[in-house]
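Hi everyone, thanks for making time for this. I'd like to walk you through one model today, going from strands to chain contacts and ending on a pair of helices. Have a look at the screen first.

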There are 4 protein chains.
Amino acid sequence: MSKEKTGVLMIGLNGATANTTVVGTKVLLKKLVPDYGMITQSPLFAGHPLIKLDQLVFGGWDLHSHNAYDAAVRNKVLEENWIKAVRKDIEKIRPMKGIVTSHDVDFLKSLDNIKPVKTRKAQLEAIIKDIRSFKKANGLKKTVVVFLASPLKCVKPGRIHKDIKNLKRAIATNDPAVTSGMLYALAAIETDSPYIDFTPNITLELPALADYAAEKKVPLAGQDGNTGQTMMKTLIGQMLKIKNLRLAGWYSTNILGNMDGKVLALPEHCVLKMKDKLDVLSAVLGYGGFDNIVDIRYYLPRGDNKEAWDNIDFLGWLGMPMSCKINWLGRDSILAAPLVLDLIRLLEYAHRRGEGGVQGQLAMFFKHPLGAHVRGFFDEYTLLREHYSKPDEAYG
Amino acid sequence: MSKEKTGVLMIGLNGATANTTVVGTKVLLKKLVPDYGMITQSPLFAGHPLIKLDQLVFGGWDLHSHNAYDAAVRNKVLEENWIKAVRKDIEKIRPMKGIVTSHDVDFLKSLDNIKPVKTRKAQLEAIIKDIRSFKKANGLKKTVVVFLASPLKCVKPGRIHKDIKNLKRAIATNDPAVTSGMLYALAAIETDSPYIDFTPNITLELPALADYAAEKKVPLAGQDGNTGQTMMKTLIGQMLKIKNLRLAGWYSTNILGNMDGKVLALPEHCVLKMKDKLDVLSAVLGYGGFDNIVDIRYYLPRGDNKEAWDNIDFLGWLGMPMSCKINWLGRDSILAAPLVLDLIRLLEYAHRRGEGGVQGQLAMFFKHPLGAHVRGFFDEYTLLREHYSKPDEAYG
Amino acid sequence: MSKEKTGVLMIGLNGATANTTVVGTKVLLKKLVPDYGMITQSPLFAGHPLIKLDQLVFGGWDLHSHNAYDAAVRNKVLEENWIKAVRKDIEKIRPMKGIVTSHDVDFLKSLDNIKPVKTRKAQLEAIIKDIRSFKKANGLKKTVVVFLASPLKCVKPGRIHKDIKNLKRAIATNDPAVTSGMLYALAAIETDSPYIDFTPNITLELPALADYAAEKKVPLAGQDGNTGQTMMKTLIGQMLKIKNLRLAGWYSTNILGNMDGKVLALPEHCVLKMKDKLDVLSAVLGYGGFDNIVDIRYYLPRGDNKEAWDNIDFLGWLGMPMSCKINWLGRDSILAAPLVLDLIRLLEYAHRRGEGGVQGQLAMFFKHPLGAHVRGFFDEYTLLREHYSKPDEAYG
Amino acid sequence: MSKEKTGVLMIGLNGATANTTVVGTKVLLKKLVPDYGMITQSPLFAGHPLIKLDQLVFGGWDLHSHNAYDAAVRNKVLEENWIKAVRKDIEKIRPMKGIVTSHDVDFLKSLDNIKPVKTRKAQLEAIIKDIRSFKKANGLKKTVVVFLASPLKCVKPGRIHKDIKNLKRAIATNDPAVTSGMLYALAAIETDSPYIDFTPNITLELPALADYAAEKKVPLAGQDGNTGQTMMKTLIGQMLKIKNLRLAGWYSTNILGNMDGKVLALPEHCVLKMKDKLDVLSAVLGYGGFDNIVDIRYYLPRGDNKEAWDNIDFLGWLGMPMSCKINWLGRDSILAAPLVLDLIRLLEYAHRRGEGGVQGQLAMFFKHPLGAHVRGFFDEYTLLREHYSKPDEAYG
């Protein structure tokens, strides 16, 4: 097992998920709390030489300049006394200045941490420079980059996204179809940094980036972290399929009061997430034709505690209707953070094992998994289990 | 594939599950409704020469003498117009007289269909004679026997249940530790009839019967049909395990207003069912120490429409508590009947394939599966899938 | 008590609510079922000489020409055997041709029952003529008119709606701000027929109509029948107020699969209903500032069985947050029909008592009650109770 | 308005409700939080000269000797930082030694604060002495006594409970049918202290105590504080009655993990509470004949956060079945404490106004209200409102 440290650079470092990942990891390392929720801590990975949490060095970009302590106090996800217990460690973690294109959220206020470069070319170069500086400053050989900022506005994939040559030319001409997400991803690939998109952006679907990463042997994983309701859909959906019960309709509604809820209430941002949430059922079941509704509403009293209510109508023997209603009282960032850590560890590991390009075996981590050809909770888990069935000390 | 008919003899023929199985099959065969809900109709069994529904000849025992039409009207499970559409077919189906020991439900009223024999030896012989007569009268080579009567009062397994010699001696001396369920099961084995216990009786756990059936190459399956809430426990429980989320407590309550609900409200009958429902979680998760409560209440307005409410408390990353509440609006007999048919078809098939004794691959059909060494929805399904992975025309 | 019959003319006669009112009344009169659900059958009205159900003669308008039997079969609200039991009575009930303006629903298909007159003036005259003909044909002295059609598109109240002179002038010039609802209401007033608007149209809010009805002593009642979720809001809301618990947020969602659901999914129709549903809480509580969300979604599997899920967040002592979630499994038309009958009986009674104009004491029947100065389930009920506290045989 | 302080002596001072009342009041007085949840803070009481919270001096008895700070830390009802903020104030509040008879809970462990007197006579005298000493030590003219300990085992009312003479004789002979609750209540009456029973004991139903208090002009209030589920029953029940909807069944289950949950899980203690919870519906509706089930289960993960799930089946027009499910996520002590304060203030006020004996106008505070002849949320509130309709400065 490598004893070397690895950098983790997150886009949206002060957002609820990234900040919870950073601060929660410090809390864990103080052994104040149990470490449930990480799949990489389960017996399946017992024999694999994954990097340890204390080998991660956190940093990243954000459009607000708060340090991680201030951000944690604002995010109100973690308990106050935990935050205080690690205050010294996390006050030092400050975001680098981020980049902005026209696809970023409009209503963000009092942004005080934006790079003063305007062209996409200059932005790309600045990000690459940031990554290299971070490595150097921290004496690191490797970084993993994770996109955790608010979902970007939709972009239609076009000719410029087809291959890396076109994309680079588009960047050179400051083409408006190049998003900040694409620039971060390209910067990661160029610096040999594994890249994860935990949001519903199309970045990693683009051949320009996916093929280039495969060619350069940089592992990628995406997209749209699968934390609660969609995971339950892959689970209940697969049960219905196995039991030969027929889905007649599924109505899902979500209420949450964090920034993610606010952005997803904007139609131009939520299209992809909604589509991901809607598509999954047909993919799992292998048929369509049922009523399928997903609502996401911003609801202040809930804060980061995402709540979902699902009504599932299905037909049993003789076509008789039955239903099942699920009320999920989750915590958005607490469900997301361990998945982010799992992905970081697994991509770092993939990098050591020489596995480049999209990592299809990680399907169960995503609402819209790239590179996988099955859907359904158990089938996705089987993908993972089989990929890691043989512990391989050789890569230690 | 065999074109021959097979007899299906059910204990408790007029109860909601058995009667729904009989009448619903006739409705299906008239093509009035879709046939969702049977696992043996799913692609997994596409290449297996299972017996068809129109090859089943139904009969059995009940302590009430109604014919299947009258019973269907009373049970109020199926739609009136369906019952009317098959009236002619089902009016002819009348139960044989049943046997009673002190383990049967006390409060059953106006029983009018009890065999006038008192000793266990005479009861056993009468049942064997019934099976043989039924075969003869219907020109059948084979019967499958299914226990679907109300759960019996608890019996403590003792020396007499250890081997078949002891059991037969106990029957000869009319030992009170021999239940009607044991007599039916033994009669089945003696007549080479596969036997299913769909209720929480301990019958098939007894070495006396299990070993004897193995020796005689008679397939057995049990126990306690896994229709709704417990199935959800194996499903959600396995998800929690895979996701490394820690169960802190699970509170389940059930309300139903059919005879099953009435019997399960009696402490001396419900012990086993409760135990089955309670044990499953630890078995799936591999640990205990969480609060685990199951209530079953008889609630008249619900009738056969079993409703369950589950509150699941679990701990996520950093030990933070979350919960999930499930309200299941099922239909008891509509969920049970297709499983009964699946089991009949699979045991008939096992008989042809020479598979005797307890059929462990059928774990997913039971709350307390016999002969299986895994628990968890997906692991149980994998057992089934692997057992039937190769279609085998040889047994057609 | 009057022994004379009264005509009931419904706009939207074949819609689920009107049709259920007509057919259900016939079923009730056959004494096939109990008559729960009508407030006018409760002890409060024991001494009041209200008209009896068997004195009502049903008719009305619809854009589809089905008779009431065919409509009942399509609506699937009532049990088939009930519909058959009254088939002879209801086959004779056929709608008159309706009128259409640009405010009516666009997507209605295969309309086959529209009056071939185009100008608003001609439409008004045709409706008046219809009412008179219906009276004559049935030997009636009085009719009550009830608007039960799909909600109309929003209209902004303007100068032409200020007084009756302006409105009549607008009708004469075929002004597009005159809706079909206004024409039906005016026709009712002109024929001395009490008028009820059970939908969220603004018709009865307009001074032109409300003042004119008061002047002509014609009783009016509206608007937007208060059947399920909103009624629960007035109930729970008033409890919170009395108990001094502070509302922090209320999220409501509705799923239903009938025509009402389809129309309310169209933004231009649902505005008013949503506003009614949203306004009620502040009115009951006497303060705002809480998160307040209402969704209505068309969901096919539910049919007429309207389901609602409400999440209520409130603050108790020391500001500690608690919540209450309500899952309401109602039946839209079954809840609405008895209210329609109550309103018909009470408006007919008001007419006899000389009570003209908007009947504020009927607040509890409406989501947006006209003419009442209190909100809250119990306060609204107190209005009703006090108004009818003295049985008055004089009006018999 | 009196400026004098009043003593509040609670039996069970360290239990969740009493301790939350004490500590929460201190938190409120520091203006750290809002004061929602007290009815006596609502406009109805605006003109009444009720005693203020800062005039209350807290004390009482408990079988554990912790001070109020230690108890608050153990009870885990209030936020840690609140408890710390008032630590100095509450560390000084220590319970006096309590008395125990055979009706008290058996399983309490490590009791370290029991009076070393054994006979009931000596116990009574000791309590009276305690009350007098507390007054003297704090310079008080008046105390209010509140029973908030675990519910006692059932006692059958007999001859000795008929009048005060018999009761005193029974105390003198140490009759086992005299409970600790009766001794505390009698001590209160003898010291002219208003007495509240917030638990389901029968104490205040006994003529011996109720008549004696009336004679001595000591106000009493009871019994069994109405905090959550039962309150919802009086609310929903009264709505069903007014709307003429017919109740077909009501299934209620409660899960909670505090001491109250533990005691109520013991059959000999829960009988009364269950009966109260069951009786209320028939009393509100005016009829019986529906299925009526109440379960209370001790469930550790919930702690003091009492959760309830109610399934309500009702019949609407034409007898069609509908249902409503309510999931109540309350906080036991946070709902109870403001009611305790309301009752203290109102009984102190009644004492000033010369209102002795059972105060029937306080029905809405109790599951089993004494001295009231109506049931139903609104009717009970009307009782309260009418009693306090005229502010009366004369009693200031």
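Predicted model: local features only at pLDDT ≥ 70, side-chain atom pairs only at ≥ 80, totals over all residues.

Let's begin with an open sheet of eight strands, with mixed pairing, whose order is S8(C)-S7(C)-S9(C)-S10(C)-S10(D)-S9(D)-S7(D)-S8(D). At the edges sit strand S8 (291-298) of chain C and strand S8 (291-298) of chain D, each of which pairs on one side only. If you ignore direction, neighbouring strands in this sheet are turned against each other by 10 degrees on average.

How many bridges join strand S10 of chain C to strand S10 of chain D? There are seven, linking residues 321-329 of chain C with residues 321-329 of chain D, and the two strands run antiparallel. Then go to Lys325(C), which has Asn327(D) as its bridge partner in S10(D).

**Chains D and C**

Chain D contributes 41 residues and chain C contributes 41 residues. On the side of chain D that touches chain C, at least two residues each come from helix H1 (16-29), helix H9 (229-242), S10, helix H12 (332-352) and helix H13 (377-387) of chain D. Which element gives the most to that side of chain D? That is S10(D), with eight residues. Sorted by class, the side of chain D facing chain C has 27 nonpolar, ten polar and four charged residues.

What about the symmetry? In general, two copies of a chain are related by a rotation about an axis and a shift along it.

**Chains A and B**

On to the other pair. The contact here takes 41 residues from chain A and 41 residues from chain B. For chain A, the elements that each supply at least two residues to the side touching chain B are helix H1 (16-29), helix H9 (229-242), strand S10 (321-329), helix H12 (332-352) and helix H13 (377-387). With eight residues, S10(A) gives the most to this side. The classes on the side of chain A that touches chain B are 27 nonpolar, ten polar and four charged residues.

S10(A) and strand S10 (residues 321-329) of chain B pair over seven bridges in the antiparallel sense. One pair to look up is Lys325(A), with Asn327(B) as its bridge partner in S10(B).

Chain A can be laid on chain B with an RMSD of 0.1 Å, using a turn of 180 degrees and a shift of 0.0 Å along the axis. That is therefore the relation of a two-fold axis. In chain A, Ile326(A) has the C-alpha nearest that axis, 2.3 Å away from it.

And between the pairs? Chain B and chain C do not touch, and their nearest C-alpha atoms are 10 Å apart. Chain A and chain D do not touch either, with their nearest C-alpha atoms 10 Å apart.

**Two helices in chain C**

Last stop, inside chain C. The axes of helix H1 (residues 16-29) and helix H2 (residues 68-75) of chain C come within 10 Å and cross at roughly 120 degrees. H1(C) and H2(C) are therefore oblique to each other. The crossing in which H1(C) passes H2(C) is left-handed.

Which residues of H1(C) meet H2(C)? They are Ala16(C), Asn19(C), Thr20(C), Val22(C) and Val23(C), and they meet Ala68(C), Ala71(C), Ala72(C) and Asn75(C) in H2(C). By class, the residues of this contact between H1(C) and H2(C) are six nonpolar, three polar and no charged.

Methods
Residues numbered from 1 in each chain as written. Chains lettered and ligands numbered in written order. Pairing = 2+ DSSP bridges. Helix = DSSP H or I, 4+ residues; strand = E, 2+ residues; numbered from the N terminus. Axes fitted to C-alpha atoms, helices over the stretch in contact; angles between N-to-C directions. Parallel < 35°, antiparallel > 145°, perpendicular 65-115°, else oblique. Left-handed = near helix turned anticlockwise from the far one by under 90°. Contact = placed C-beta atoms within 7 Å. Nonpolar A, V, L, I, M, F, W, Y, C, P; charged D, E, K, R; others polar. Least-squares fit on C-alpha atoms with pLDDT ≥ 70 in both.
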